[in-house]
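Hi,

Here is the structure I promised to pass on. Have a look at it first, and my notes follow below.

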Amino acid sequence: METEGTLSPESIAEATEAFEDAGPTAQQVVREAAKAMEFDREEYRERVTGEVVERARNVLFAERLAVTVGTREEFDDWTDAHADYEVIELGSEDVDRVVWHAAPFAETVVAATYQNEREAAVGTLRRQAFARVYRPRFEDGESTSAEE
């Protein structure tokens, strides 16, 4: 087994802080991309919306998520040891490899199976973990809930 990524928040407050910290970087990335595309001020104001920056922030956050890469047997062992976690598994149970991200504050693990395309599976997993575990809590403002 091995791990890719560094972000594995233990609480929703920790996740929210990391998400908020990604905001200025997202703004800078979007600004530099617009500059490289030679947007003038008017085009920048028209096209670079809050939604554009928000999407960049979502990607920056999700791409940092810690993902465990292992075999089906290793994943099954992990889930057996964490029986209280809800398991959201994407893909087929009949393949040899699994990538997963556990969110302790949500008692949820999101997994994606793959046979050969590790990078694609990791990317899919990060997007799905963000969409299913983190985004709903950020939108609900859960950073000060009892789940901390």
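To start with a side chain: is Arg 57 buried or exposed? Arg 57 counts as buried, because its relative accessibility is 18%. (Buried means under 20% relative accessible area, exposed over 50% and partly exposed in between, using a 1.4 Å probe and protein chains only.)

Before the rest, some ground rules. This is a predicted model, where local features need pLDDT of at least 70 and side-chain atom pairs count only at pLDDT 80 or more, while totals for chains, interfaces and linings use all residues. Residues are numbered from 1 along each chain as its sequence is written, and side-chain values use heavy atoms, leaving out hydrogens and water.

Arg 57 sits in helix 3, residues 50-64. (Helices are DSSP runs of H or I with at least four residues, strands are runs of E with at least two, and both are numbered from the N terminus.) Leaving aside residues up to four places away in sequence, Arg 57 touches Phe 19, Glu 20, Ala 22, Gly 23 and Ala 26, where contact means heavy atoms within 4.5 Å. Phe 130 is 73 residues from Arg 57 in sequence, yet their C-alphas are 11 Å apart in space.

Now strand 4, residues 97-103: six of its seven residues are buried, so the rest of the structure largely encloses it. Strand 4 pairs antiparallel with strand 2 (residues 67-71) over four bridges; pairing takes at least two DSSP bridges between two strands. Strand 4 also runs antiparallel to strand 5 (residues 108-114), with seven bridges joining them. Trp 100 stands opposite Thr 68 and also opposite Ala 111 in strand 5.

Cheers
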